[in-house]
Structure formats: C-alpha cells, structure tokens
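Thank you all for coming.

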Amino acid sequence: MLPSLLELHLSECELNDFPHYSDLNPFVNLTSLLVLDLSYNDFNTTLPGWLFNITTLRDLYLNDATIGGSIPHVNLQSLPNLVTLDLSSNDIGSEGIELMNGLSICCNNALEELYLSYNYWLSGQLPDSLGNFNNLRYLDLSYSSFNGPLPNSIQHLTKLECLNMSENSISGPIPTWIGNFSPVKRLDLSFNLMNGTIPESMGQLRELTELSLDGNSWEEWIPPFSLKYIDISNCHVSPKFPGWLRTPKRLEKIVLKNVGISDTIPKWLWTLDIEWLDLSSNQLYGKLPNSLSFSRAALFVDLSFNRLGGRLPCSFNVKWLVLGNNLFSGPIPLNIGDSSRLQVLDLSNNLLNGSIPLSMSKLKGLKLIDLSNNHLCGKIPKNWNDLHQLDTIYLSKNKLSGEILSWVCSISNVDLLKLNDNNLTKELSSSLQNCTWLYSLDLGNNRFSGSIPKCLTNLTALTYVILLGTQLNESFISYFDHMELVVKGQDMKFESILPIVNLIDLSSNNLWGEILKGITDLSTLCTMNLSQNQLTGNIPQKIGAMQGLETLDLSCNRLSSPIPPSMPSITSLNHLNLSHNLLSGPIPTTNQFSTFNDPSIYEANLGLCGLPLSTNCSTPNDQNHRNDQDKEEDEDGRYMTWFFISMGLGFPVGFWVVCGSLALNKSWRHAYFQFVDETRDKIYVFTVINMAHLKRKIERIRVHG
C-alpha cells in the first residue's frame, strides 16, 4: 500500500487500457496525488470517471494517449487545484468544448496551462467560457478545426503568455483588444481564414518575441506612425515585399536583412528619398532597373545574397554598392567609371564575363573593389595607379591573365590583395616591390615563377598588432560579414570575422629558391602557405620568432634538413603540413607538436622519424649496439667467405692428389686395388661365418625350448 503517493509517471509504458479504480485501491492511495502522467500510451478509449475524483490533482498529462469519445458525466468542480492539463494529439472531438465549459466553472479555478492541439476532430466555435480561466498563461488549440471569430471573452485572459491558434479555420479580423495581452511573448494566428487590417494595439505587446500571422488574408497595412529608420534583421517578416514601406514620408534608412522576403523589388522603392538600403540575405529575384538611382544620393545599397539576375545597372548614384552572391550575368558596364561617387563596389560571386572596363580608373574615390568568383578574363587594367584611395582588391577566382602590374604597390594604401585562382604569370619580384602595408596577400594557384620576393620581408603591417577599431570605421567592418579565405589547408567561408586577417599565400605556383630568412620577422603573420612550389633549402632556423603563426603549409616542395628546433615554440600553431619534402631527423614532440597526430602532415619525407610516423628514431645507445652487431656480422661474414673458398679449392685438390697418383703410378694402382680386393674378401668371409654360427644357435634354442 502506498498511502501518500504524490506523483505517478507511467509515460511510454505501452498501456492499452485504463486500470479500474477498484484495481488500484488495494495498492495505491490516490487521495494525495499531485502529478499523473499517462502520456504516450495506446488506451484507445474514453477518459475514466475516477480521474475526476482526485481533488488534489495539480498536473495531468494525457497527450498522445489515443483518447477519444465522450467525457464522463462527472462533477468537474472536483478539480479545483488543476494547474496543467495536456490532452494534445488525441482523438477528442466536440466533447473537448464540453470539457472546457466544465473546467471553467470550477471553484477557485487555478488552471494555468491548457493544451488541446492536434485534435483534428475538435471543431465548432471557441466557447465563451475560455474567458473564465483567469490564471491561464499557456493556451494551445492549434491544428484543430475551430471556426468563427475569436470570442471577446478571451480579452480577460490578461495573464496569457502564449496563445497558439494556428492551423484552424478562425475567421474575422484581429480584435483591437489584442493589446490587452501585455505579458504575451508568443502569438501565433497563422494559417486561418482571418482578414482585415492588423490593429495598432499590436504595438502594445511590449513582451512579444514571436509573432506569426502568415497564411491569412490581411489587407495592406498602413502604419499610423512616420518612420525615419527601420532596422529588422534575422527574423521572419513576410514572403511578400512589405508595401507599407512606401507610406512613411521621412524614411531614410531601410534594413530588412534575412527576414524571409521572397519577391521582386517593387519599382516604387527606387523613387524613395532614402540614404541607406539593406535587403541582403533574402530570396529576392528579378532584375534591377537600368539606372539604380534614388531621389537623394544614397550612401549604402546592399542587395547581396539574393537571387537577382540579368544585366547590371548602367548607372548608380551610391557610395557603397554591394551586389555580391547573386545571379547577375553579362559584362560589367563600360561606363561604370561615370558613377564617380562609388567608394565600395562588390560584384563578387556572380556570373559576370568579359574584361574589366578601363573606365574604372575614373573612380577616384574607390576604396574597395571585389570582382572575385566570376568569369572575367583579359588582363588587369594598367591605369589604376591614380586610384589613390584604393586599399582592398579582390580579383580572385576568375580567368585573368598577364602579370601583376607595378601600379598595384605604387598605391600606398593597398593592404589587402587577393588575386588567387587566376592565370597570372611572370616573376613577382618587381611587382611587389613597394607593397609595405600589405597584411593579407593571396596569390595562390596561379603560374608565377622566380624566387620569393625579398620585399615580402619588409611588410611593415605584419610586424605589429592592429587593434580593431583603431583604423577601421564601422561601415568598413560591416563589409566583412561574409568573406572567403584559404586557411588551415582549405577554402573557408566566414560569416562574421575580424577584418584583420594576416595572411601570405603563394601556394600552387612555380616558385623556386629558398625561403627568405627575413620572413621570420613578420611576427604577427597568422597564415603562411607556400605549398606546391619548387622551393629548396632549409626551413628558416628562427621560424620560432613568428609567434602569431596559426597555419603553416610548406608541403609539396623540396625542402631538406631537420625541422628547426625553434618551431615548437610557436604555441599558437594549430595547422601544419610539411608533407612531400626531403626533411630528415626526429619530429619534435613538445608544445603544439604533441597535438599533431595525423601522420599525413609528415608523409613522403623519407628521412623523418618519430611519432606519429611508424619509423622509429635511433638513440645513441641503440646506435652503439647496432655498430657492435654490424662488426660481429662483418667478422662472421668474412669467416664464412673463407670457409666456402677453402671448400671450393680443397675438393679438387684432394681428388687429384689421390686419383692422379693412382693414374700415373702403375705399382701404386695395383697395390691399391689388391688391398681393396683383400679387404672385401675378409669382410665377406667374416659375415658368412658369423651368420652360420647365429643360425645354429637359434636352432638349438628352438629344440630345447
């Protein structure tokens, strides 16, 4: 007997029928029960009457229990302490409304949570009795078949925190009293038959964090306020482009970033008097107008990460134009240089082709250009040396040919240069002579030749730390929300990174010679990739001075000698590849090297030994012992050699000494054969006499036996 049972949990016990109260009574006393959980069973029956006699019951969980049929005619007032009732995911029909009516008249009603969702047979209009649950905080009637308008009695549920009425057939407008639900955090009226306008009182829901109204027939909303700035990011607004944006007269800034818009951009948007437009990371499609201009000269336009296509606009009066990661095709407009206000131009990750227009040299205020990952061909223009403000150049992943022109480093401000994955050729020495302020240089996967330029040891920006915010304004930092870099041996896309990425990548070219010793002075360099070249010589002995190094790839060269003893002191190193070289000696085991357990980063270096390779290194004692063994083996080898030589010579010598003397001397030959005949006769006589003697002895034994 359990006289004071407080909680009974029988969830997921594969029960098929409710036990009778008489069966439970001898063993369990339910008069003190507070929590009863019978969820996730397969009763396939109606609720038993004895459940409603447990007056102390506080929480009742019967969800996913295959309950249906009529509610027993019992006194529902006997459940005055019920706080939580979960009957979701069952087969309850219209009797659910009777249940709500009955529970609502309980004395001192304490019900706070009521879940009747996923009861598809539960239909009819919502009962007015819902308004009697004065303490209700969670009401979930979703995925049912309720119809008609929301009853006015619900407005009295002033403690409500979550109201979910989605996937029903509720009709009519949202009542203006919706603003009375001041504590509500989640309101879901989606996928019903509601219409009308969204009431202004919705703005009174100060605690609201989740609002879903889609799947209805709302009229276009005209906001009652006059916005100057609107900034909504990373939440679901609507698949349709919000038409109410054309109403505010003083609107200057629109940010609707990653809000789920899947629509075309309306023409009226380009007539607005705005300075800032950010519609990035949506599903916008269609084409842009030929002239991207606003009534006021805009400062910033970002339409990146959408599905916009067609040709690029021929003109635009903006300072920042970010159209990357779309489906734009065709050539870059030849007259792009007429957009003289441009400071930032991002056309990356599109389908653009043709050559880079010469008119870009007119963009005197240009600070950043990103044309990467397109199908551009031809040579890099020669006349960019007048772009004195240009500091960031992205031309990677195209089909550009020719050489890096000397103007690149004649622009003193250039600090980030990415020309990787093109068909650029010739030597680098003269091209990079004056690039002292570069902190990120990526020339990988081209066809450059010659030695590593000595000027790379003079990169001043890689000898000290640049603190975020000391040289970069907020708008420039925002451009680096999306960036692709080759680090740690692979092409990575960063959604949000620090704008200072100290990198030198000269991989997959045809560079030869030694690694410059002075490159170890670049103490803040984070990534150095010199792999897949023809470099020879040693790894610089002072490489340990590069304390900022996190990624080092020297694979697929012809570097020799041991790994420098100073390299383990680079405690920030977390990616290393030295494979396919001619390195020798033991692999270090201290600091970061103890974490490099992948043998592939050392493979194809026949002289390397130690973990994680299977080749063991020899200690001095092992070497002395091996030398002694080698000496013994050498002596044994010499003895065996003379032994076989003596055998080879002794046999013919002995043979001819004996046989030759018999053949040459007749008397010796007769004496030898006479001796052989006499000896044979003696052996024969001896054998015959002894055999006869043995036979007689055996016969005597048989006779006497």
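There are six helices and 45 strands in this chain, where helices (H or I, at least four residues) and strands (E, at least two) are DSSP runs numbered from the N terminus. What you see is a predicted model, in which local features need pLDDT of at least 70 and side-chain atom pairs count only at pLDDT 80 or more, while totals for chains, interfaces and linings use all residues. Residues are numbered from 1 along each chain as its sequence is written, and side-chain values use heavy atoms, with hydrogens and water left out.

Of the 705 residues in the chain, 45% are buried; buried means under 20% relative accessible area, exposed means over 50%, and partly exposed lies in between, with a 1.4 Å probe and protein chains only. Among contacts (heavy atoms within 4.5 Å) between residues at least 6 apart in sequence, 52% join residues at least 24 apart.

Let me turn to strand β12, residues 193-196, where the side chains alternate. Strands count as paired if DSSP finds at least two bridges between them, and β12 pairs in the parallel sense, over two bridges, with strand β10, residues 169-172. Here L193 of β12 is the bridge partner of S171. β12 also pairs with strand β14, residues 217-218, again in the parallel sense and over two bridges, and in this case S217 of β14 is the bridge partner of N195.

Next, the cysteines. How many disulfides does the structure hold? It holds one, a disulfide being a pair of cysteine sulfur atoms within 2.5 Å, and it joins C609 to C617 with an S to S distance of 1.9 Å. The torsion about that S-S bond is about 105°, so the disulfide is right-handed. As for the two partners, C609 counts as buried because its relative accessibility is 12%, while C617, at 31%, counts as partly exposed. Elsewhere, C455 is buried, with a relative accessible area of 7%, and C526 is partly exposed, at 22%.

Finally, the surface of helix α5, residues 620-664, deserves a look, as M640 is found in that helix. At 43% relative accessibility, M640 counts as partly exposed.
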